[in-house]
Amino acid sequence: MRNSIRGTLITYLILGLLVTSAFISVLTHYIAGQELEELYDKNMQQITTVLLNQTPATLKAHSIQQKIRANLEGEEEFLIQIWQKDRTLLYSSHSLLTLPLQSTLGFGFVNFKHEPWRYFSDTVDDITVQISQPTLARERVILEVSSQFLVPLLLQIPILGLLIWIVVGQGLKPMIQVSNAIRSRDSEALQPLAIDSLPEEIKPTIQALNELLERLDQALKVQRRFTADAAHELRTPLTAVQLQLDLLNRSQSKNDKQEALTKLNAGVKRSIHVVRQLLALAHQEPEANTHNFEKLNLSLLLSECLSVVQDIASKKNISLIGPNNTNIMAIFGKRSSIRILIDNLLDNSIRYTTAGGKIQIVLDETTTEMVMQIIDNGIGIAVAERARVFDRFYRIPGSEESGTGLGLAIVQAIVKQHAGSIQLDDGFAGKGLAVRIIFPKK
Amino acid sequence: MRILLIEDDQMIGDSLQKALTQSGYTVDWAKDGNTAEEGLKQQAYDLALLDLGLPKKSGIEVLNNLRQRKSTLPVLILTARDQISDRVIGLDAGADDYLVKPFDLEELEARIRALLRRREGRTESIMRIGALTLNPLTHEVCVAGEPKILSAKEFALIQALMRRPGAVLSVSELEEQLYGWNEEIESNAIEVHIYQIRKKLGKQAIVNLRGAGYKVGQL
């Protein structure tokens, strides 16, 4: 069946009406039966009493017999029999029906002519009166009476059905209005829907929808700004590559060509780096799923990352000191993300530490937290800048090193995804930078 | 012809300086807004290439200050911002042209030539004095239709003289046109270039007015 409020309502209401109608009919039939039985029994008793008050002689008279017949008109179903003391039949309302006089007086049932009869008999002096009636005759009347109650019951079904149809339609009108209002919007229009005029029942739904629209609007704005920034950030390295390629094409001598190629190579590498950083950031959005988290050995991951950058550090004559704590430091997270986090922090540290400098990594563990610190004595970040460096594409003014301005934004996104926190402090002896990442223990 | 390149990106600046120098321009490179402003105050340029996202002082600010000093220097904006509103802001601030990154070197050079031509009030791109013609696009210098091969500096020197026919340029003025901030100038460099040009084009190509300087002659 189609999922429709109107259809469901009507179906169940009519089913309910039918069931209650049937129940009422049965009940009516039962109660009416009881009443009618009583009524008929009383009737039998009264007629008997009247007849017993007569003398045999009067009863014998033709005129009386006529009178009885007249009085009983419409109650032909009653068989009235009067006997004398000597068991001779004095009178019978239906002479063809010869129901014998029953042995016990009072009410009783007897089988006669293949059907059950109800009878009542009483005797005074020398007269015995017996009134009997086929039970089927009684039941026919009962059925007739109770069926008269059924008609209005059945009649209300179509009337109520129509009423429900109309009322439900009226009730659902605001829903249709809302859906029309939503349908007529384009995908850019994310302002909330008006809810003041809506019925109480659908207000919460539209309220929830409005909240969703607002979140969507926010997310869309963030996304748009990101796309604009990303486009800007991609244009710069691509411009460099384009110019380097133009220069390569123009170069005449072998030396010029070689120099241009080296520069082009650097330009392409830089473009790739920007693209990688952008993708890394996109992958670290907080909404990103956390179901591929696993138990990770932080000290092992760190030493893997350190071995990759050791060469670069040595070339700059920077001493890169790994953690002395090589116990298993287990955290719960996404392997690729944690690697990107460590790579970015080490890259930053090496980039902004001057030749001959020092970078040290420290791992600590408390009962509830894992703490990783990367401390250097490089150029550091001024206190005033520390809050802003996590913004996407933010670069410290006058920064000599080339960068995308995404590194710390990526780091922060990963930390957030892992429910951790990040702090920036002074590095060694008030110089440089100390980055402290705190992961909660699961 | 001296150009001030204002660009904070190392790779882009490096490539542009190299390419434009090869094309015979003298290119000074300022990497931030303050340096650019200083350069513009101290040196007479023929054109400025301006990036908008600069450290220390924004490109728009540099441009505004330049126009406030009533300078008519042609300014070509080079930027990665491509919104219509950005272009409007740039052009309203007094830029003469606008090029969105990434761009083609050929296009940049064509636009530079167009701006310089407009500044000199020329409509034709080829310069012509008597039998001497110079094509800034192809770097071709001809005497009576016969092509002559000049070095980049020689080309720049004859071009500087041809741009102002009749005007006498002193040695120091020519040095300024030919040598950028970081270039070493040998004491008699200009004289050496002039000697070479006369040898290639003919003695009458450059006229020497003793004590005053040089001007382009009639061939």
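**Exercise 1.** In this predicted model, state which strands helix 6 of chain B lies across, and give the angle at which the helix runs to strand 7 of chain B.

*Solution.* Step 1: Helix 6 of chain B covers residues 152-163 and lies across strand 6, strand 7 (132-135) and strand 8 of chain B. Step 2: The helix runs at about 110° to strand 7 of chain B.

**Exercise 2.** Describe the sheet of chain B that has the strand order 6-7-8-9.

*Solution.* Step 1: The sheet is open, with four strands paired in the antiparallel sense. Step 2: Its edge strands are strand 6 (127-129) and strand 9 (146-148) of chain B, each of which pairs on one side only. Step 3: With direction ignored, neighbouring strands are turned against each other by 25° on average. Step 4: Look at one pair, strand 8 (residues 140-143) and strand 9 of chain B, which are antiparallel and share three bridges. Here Val141(B) has Lys148(B) of strand 9 as its bridge partner.

**Exercise 3.** Classify the crossing of helix 6 and helix 8 of chain B, and list the residues in contact.

*Solution.* Step 1: Two packed helices are described by the angle between their axes and the distance between the axes. Step 2: The axes of helix 6 and helix 8 (residues 189-201) of chain B come within 10 Å and cross at roughly 85°. Step 3: Angles of 65 to 115 degrees count as roughly perpendicular, so helix 6 of chain B is roughly perpendicular to helix 8 of chain B. Step 4: Helix 6 of chain B contributes Lys153(B), Glu154(B), Leu157(B) and Ile158(B) to the contact. From helix 8 of chain B come Ile190(B), His193(B), Ile194(B), Gln196(B), Ile197(B), Lys200(B) and Leu201(B). Step 5: By class, the contact has six nonpolar, two polar and three charged residues.

**Exercise 4.** Describe the hairpin of strand 3 and strand 4 of chain A.

*Solution.* Step 1: Strand 3 (residues 106-112) and strand 4 (residues 115-124) of chain A run antiparallel and are joined by seven bridges. Step 2: Phe112(A) stands opposite Glu115(A) of strand 4. Step 3: Two residues lie between the strands, and Lys113(A) takes a positive phi near 55°.

**Exercise 5.** Describe the second largest pocket by volume and lining.

*Solution.* Step 1: The second largest pocket holds about 600 Å³ of space. Step 2: It is lined by 34 residues, and those closest to its centre are Asn348(A), Tyr352(A), Ile381(A), Ile396(A) and Ser399(A). Step 3: Helix 8 of chain A gives the largest share of the lining, six residues. Step 4: The lining residues divide into 12 nonpolar, 15 polar and seven charged.

Conventions: Residues are numbered from 1 along each chain as its sequence is written. Chains are lettered from A and ligands numbered from 1 in the order in which they are written. This is a predicted model: local features need pLDDT of at least 70, side-chain atom pairs count only at pLDDT 80 or more; totals for chains, interfaces and linings use all residues. Side-chain values use heavy atoms; hydrogens and water are left out. On a 1 Å grid over the protein atoms alone, a cavity is a set of points where a 1.4 Å probe fits but cannot get out, and a pocket is an open set with protein on both sides within 12 Å along at least five of seven lines; lining residues have an atom within 4 Å of a point. Grid points are joined across faces, edges and corners, and a volume is the space filled by probe spheres set on the points. Ala, Val, Leu, Ile, Met, Phe, Trp, Tyr, Cys and Pro count as nonpolar, Asp, Glu, Lys and Arg as charged, and the others, Gly among them, as polar. Two strands pair if DSSP finds at least two bridges between them. Axes are lines fitted to C-alpha atoms, for helices over the stretch in contact, and angles run from 0 to 180 degrees between N-to-C directions. Contact means heavy atoms within 4.5 Å. Angles under 35 degrees count as roughly parallel, over 145 as roughly antiparallel, 65 to 115 as roughly perpendicular and the rest as oblique.
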